[in-house]
Amino acid sequence: METDTIAAISTPVGEGGIAVIRVSGPDAIPLVDRVYKGKQALTEASTHTVHYGHVVYPFTDGDPIDEVLVTVMRKPRTFTREDVVEISCHGGLVPVQAVLEALLEAGARLAEPGEFTKRAFLNGRIDLSQAEGVIDLIRSKTDRAAQVAMRQAEGRLSRLVQRLRQDILETLAHLAVNVDYPEYDADELTAQRLRERCDQVEQEVETLLTTARQGRIYREGIATVIVGRPNVGKSSLLNALAHENKAIVTDIPGTTRDVIEEYVNVRGIPLRLVDTAGIRETEDVVEKIGVERSHRALEEADLVLLLLNYTEPLSADDRRLLDEMKHHTAIVVVNKTDLPSGLDVEEVRSLLGKTPLVSTSIKEETGLDQLEQAIVDLFFAGRAQSGDFTYVSNARHIHLLKESLRHIQEAKTGLEMGVPLDMVEIDMKNAWQSLGEIIGDAVAEDLIDQIFSQFCLGK
Ligand code: GDP
Ligand code: ZN
């Protein structure tokens with residue numbers, strides 16, 4: 001049980017005009033009151049009220065540090081289900097740090113990353129998948145990713161998983177009757193019903209898993225590699241994409257990066273442009289980073305953009321790369337179409353198979369729309385983008401869903417082979433258990449710590 005009072009800056013440092021410091025814990029209100037000067041003592045304030053005043057160093061009559069608005073929220077209707085005080089002060093690193101220091105001096109402890117959300121979880125306000133939704137929300141790169149994360153935070157995945165578990169539980173209850181009273185002899189009927197239930201659960205878990213690919217793309221971005229001969233326009237394309245769509249700053253903790261990444265937002269889909277350093281600095285990605293490296297970059301890519309030069313015939317390198325594209329999700333971009341033709345585009349088409357081809361002049365800014373459309377088509381062809389389904393975008397959830405699917409399938413195999421029902425019961429219980437881990441039932445303490453430590457400070 002955690003009983004101390006924690007504080008942290010909960011807005012991005014150095015951004016925006018206002019910064020919010022959040023304080024949570026049993027001592028939150030009297031503690032903030034020690035550094036607060038205003039019309040009324042905060043300890044007398046009613047819940048969910050806002051107060052204007054100044055923050056001063058505690059235990060002194062010193063000069064005010066900053067002008068503030070203080071929101072007092074008494075438990076249990078708060079994010080952490082503890083008493084919470086939020087202090088809005090002027091942005092700028094110096095006053096915010098000074099207010100935080102005053103709070104620490106007054107007895108607060110600096111919160112660990114994710115500790116507020118962890119408390120919300122431990123106090124039963126949110127379940128684990130909702131907490132992870134909050135992590136994704138903090139990290140999400142585009143609006144759409146934010147929507148997915150938001151929906152998860154709202155508990156849609158939780159509700160789905162809970163319903164599935166309920167189904168399994170009811171089935172288990174039926175089974176228990178049969179296992180405990182074999183003379184009751186409804187075996188044949190039970191097995192039939194069991195098969196139906198298993199089919200149904202299996203199908204729903206599979207549906208959740210098929211949305212996982214899209215979810216991962218929204219969350220992590222489409223890993224994109226731009227390849228092509230020197231001077232064909234790779235840097236220009238990168239800049240055009242980044243310029244039109246405003247590059248998104250990356251902030252993923254824990255990723256080791258020997259390649260530089262840059263995010264651009266293409267119609268709501270984040271493209272993660274890999275190896276941009278190679279493109280930007282060496283001019284020739286294929287030659288300078290070596291065949292090995294470029295192979296690895298290609299292997300790990302979700303999308304390869306192969307640029308060809310409209311003004312020149314195919315080179316040996318071009319042909320080699322074109323051939324390679326058969327193994328990848330790729331788009332061939334014929335660039336510099338504003339210049340006289342030297343390329344047999346029909347021949348290129350005939351070499352391509354299913355790989356789409358787009359013509360551009362990056363210089364004259366033509367064809368970029370078509371390129372963006374081709375990307376959307378490749379990854380979301382035939383898929384409504386209304387966002388009307390629940391995404392599963394978290395690696396841990398995907399793993400657990402796969403695990404529960406495996407148990408369900410074992411149960412089905414068992415039923416087909418006519419194994420004793422108590423064996424089937426074990427598989428069903430395992431499936432129920434795996435699903436439960438998604439929403440934090442029966443999760444080991446260290447796993448909880450690991451999940452919450454991924455948060456930014458102050459969340
Ligand atoms: P990279 O070596 O593949 O990265 O190629 P760059 O992006 O550095 O481009 C090489 C040259 O081609 C630069 O001078 C660009 O301005 C020029 N370039 C890029 N795209 C086009 C285009 O569509 N038309 C024309 N005429 N020039 C282009
Ligand atoms: Zn961060």
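Let me start with the record. UniProt, in an unreviewed entry, lists S235 and T256 under "binding site". What you see above is a predicted model. So the annotation comes from the record, and the geometry comes from the prediction.

Take S235 now. It sits in helix 8. Is S235 buried, exposed or partly exposed? Count its C-beta neighbours inside 10 Å, and you get 17. Buried would need 20 or more, and exposed would need 12 or fewer. So S235 is partly exposed.

S235 also turns up around ligand 1. The shell there has 17 residues. Which of them come nearest? They are G233, K234, S235, S236 and K363. Helix 8 covers residues 234-245. That helix gives the most to the shell, with three residues.

N231 is not a glycine, yet its phi is positive, about 75 degrees. For background, most residues other than glycine have a negative phi. N231 has 14 other C-beta atoms within 10 Å, so it is partly exposed.

There is another such case, R81. Its phi is positive too, at about 65 degrees, and R81 is not a glycine either. R81 lies in the loop between strand 5 and strand 6. With 17 other C-beta atoms within 10 Å, R81 counts as partly exposed.

Stay in that loop for P76. The loop runs between strand 5, residues 64-73, and strand 6, residues 84-90, and P76 is found there. The peptide bond from K75 to P76 is cis. Omega is near 5 degrees. Again for background, most peptide bonds are trans.

Now the whole chain. The protein chain has 459 residues, and 39% of them count as buried. Its secondary structure comes to 17 helices and 13 strands.

On to the cores. The largest nonpolar core holds 64 residues. Which members touch the most other members? I21, V23, V32, V99 and L103 do. Helix 16, residues 421-438, gives the most to this core, with seven residues. At least three residues come from each of domain 1 (6-127) and domain 2 (140-216 + 393-430).

Leave out residues up to four places away in sequence. V99 then touches I21, V55, I65, D66, I87 and C89.

Next, helix 3. It spans residues 115-122 and is mostly covered. Seven of its eight residues are buried. Which ones? E115, F116, T117, K118, R119, A120 and F121. Note that the list includes E115, K118 and R119. After helix 3 comes G124, with a positive phi near 80 degrees.

T329 is in the loop between helix 12 (316-324) and strand 12 (330-335). T329 has 16 other C-beta atoms within 10 Å, so it is partly exposed. T329 and A301 are 28 residues apart in sequence, but their C-alpha atoms are 8.4 Å apart. Beyond four places in sequence, T329 touches D302, L303 and L378.

Then there is Q370, in helix 14, residues 368-380. Q370 also has 16 other C-beta atoms within 10 Å, which means partly exposed. Along the chain, Q370 and T360 are ten residues apart. Their C-alpha atoms are separated by 8.5 Å.

To wrap up, go back to the start. S235 is listed by UniProt for "binding site". In the model, S235 is one of the residues that come nearest among those around ligand 1.

Notes:
Residues numbered from 1 in each chain as written. Chains lettered and ligands numbered in written order. Predicted model: local features only at pLDDT ≥ 70, side-chain atom pairs only at ≥ 80, totals over all residues. Near = placed C-beta within 6 Å. Helix = DSSP H or I, 4+ residues; strand = E, 2+ residues; numbered from the N terminus. Core = buried A, V, L, I, M, F, W, Y, C linked by C-beta atoms within 7 Å. Domains from an automatic or database assignment. Contact = placed C-beta atoms within 7 Å.
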